[in-house]
Amino acid sequence: MDNSFSVNIRVLLCQNCHGPLKVSMEGGYFDCEYCGTTNEIIPKSNVEGETPTAGSAKVTADDSAADKERERRRLLKRQADTYFIHGKSSRYSMISVPKDLKPLVHVALSDYEKPAVLNRIRAEYDRLLPRLQSNAGDKTARDDLEHRCFWLSQALSNIYTFQKNYLLTRAVLEATLEAVQDPGFNYFIFADLALSALNVNNGEAAGDWLTKWFWGATGQSSSAAESTACA
Ligand SMILES: [Zn+2]
């Protein structure tokens, strides 16, 4: 069985060549098998659940800002739940593509075999993802950045799936999942990971991703999930 979509492994993108990079949950330093670049990866526990600003040491510097951000994410999660779990209307019922990205995203669906299309989308994604990971800008800028990275990752993962490059599909989805904090986008990505696991005939992994989809980013068993549920 193709195990590339198991929830028990972690696959991100090389920061230099965009190749799939298998890393550990604990993070650390990992050499890319394609270009040899050493990538520094933060622990997965830092990018899931209640941690408001992943990988940033600035979090503790301003507790009240962190509290506000935590509250904002709690409300966003509730809004996402109304749509994804309870099927009621919310802002996620109409997540539209940012206007200026539309031509690029639409062309990815029709002209996915053209290398130039892939290169343009990948270049834009690779430019924006590090900005999202570094948590730069104010909230509005961040929301916009998440929205863009989400749609670019949708286009990219579609192309990689058409190419049957499933490991890269996973890497793009997971790299985006770890960078994007909006719970609504996270729901979409979990569902994508579940569907992708079915593409490699791994029903068990698909079930595991759907479990995460239902229970949220932290999964049901971790202590972080319990604190989320109680919050
Ligand atoms: Zn590389």
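The model is predicted. The chain has eight helices and four strands, and from the N terminus on its elements run β-β-β-β-α-α-α-α-α-α-α-α. Of the 231 residues, 32% count as buried. Of the contacts in the chain with a separation of 6 or more, 49% are between residues 24 or more positions apart.

- Strand S1 covers residues 10-13 and strand S2 covers residues 20-23. The two run antiparallel and are joined by four bridges.
- Arg10 stands opposite Val23 in S2, and Leu12 stands opposite Leu21 in S2.
- The hairpin has six residues between the strands. His18 lies in this loop between S1 and S2.
- The phi of His18 is near 70°, a positive value in a residue other than glycine. Most residues other than glycine have a negative phi.
- Is His18 buried or exposed? His18 is buried, because 21 other C-beta atoms lie within 10 Å and the cut-off for a buried residue is 20 or more.

- Strand S3 (residues 28-31) pairs with strand S4 (residues 38-41) in the antiparallel sense, over four bridges.
- Tyr29 stands opposite Glu40 in S4.
- Six residues lie between the strands of this hairpin, and Gly36 takes a positive phi near 85°.

- Helix H4 spans residues 139-162 and has 24 residues.
- From its first C-alpha to its last, H4 reaches 34 Å. This is close to the 34 Å expected at 1.5 Å a residue.
- H4 is followed by Lys164, whose phi is positive. Lys164 is found in the loop between H4 and H5.
- The phi of Lys164 is near 60°, and Lys164 is a residue other than glycine.
- Lys164 counts as exposed, because it has 10 C-beta neighbours inside 10 Å and the cut-off for an exposed residue is 12 or fewer.

**Leu177 in helix H5**

- Helix H5 covers residues 166-179, and Leu177 is found in it.
- Leu177 is buried, with 23 other C-beta atoms within 10 Å.
- Which residues does Leu177 contact, leaving aside its neighbours within four places in sequence? The contacts of Leu177 are with Asn186 and Ile189.
- Leu177 and Phe150 are 27 residues apart along the chain, and their C-alpha atoms are separated by 8.6 Å.

**Packing of H6 and H7**

- Helix H6 covers residues 183-199 and helix H7 covers residues 203-215. The two pack at an angle of about 170°, with their axes 7 Å apart.
- Because angles over 145 degrees count as roughly antiparallel, this angle makes H6 roughly antiparallel to H7.
- On the H6 side, the residues that meet H7 are Tyr187, Phe190, Ala191, Leu193, Ala194, Ala197 and Leu198.
- On the H7 side, the residues that meet H6 are Gly203, Ala205, Ala206, Trp209, Leu210, Lys212 and Trp213.
- How many residues of each class are in the contact of H6 with H7? By class, the contact has 12 nonpolar, one polar and one charged residues.

**Thr211 in helix H7**

- Thr211 is found in helix H7.
- Thr211 has 15 other C-beta atoms within 10 Å and is partly exposed.
- Thr211 and Ala191 are 20 residues apart in sequence. In space they are 9.9 Å apart, C-alpha to C-alpha.

Notes. Residues are numbered from 1 along each chain as its sequence is written. This is a predicted model: local features need pLDDT of at least 70, side-chain atom pairs count only at pLDDT 80 or more; totals for chains, interfaces and linings use all residues. The expected span of a helix is 1.5 Å times one less than its number of residues. Axes are lines fitted to C-alpha atoms, for helices over the stretch in contact, and angles run from 0 to 180 degrees between N-to-C directions. Angles under 35 degrees count as roughly parallel, over 145 as roughly antiparallel, 65 to 115 as roughly perpendicular and the rest as oblique. Two residues are in contact if their C-beta atoms, placed from the backbone, lie within 7 Å. Ala, Val, Leu, Ile, Met, Phe, Trp, Tyr, Cys and Pro count as nonpolar, Asp, Glu, Lys and Arg as charged, and the others, Gly among them, as polar. Two strands pair if DSSP finds at least two bridges between them.
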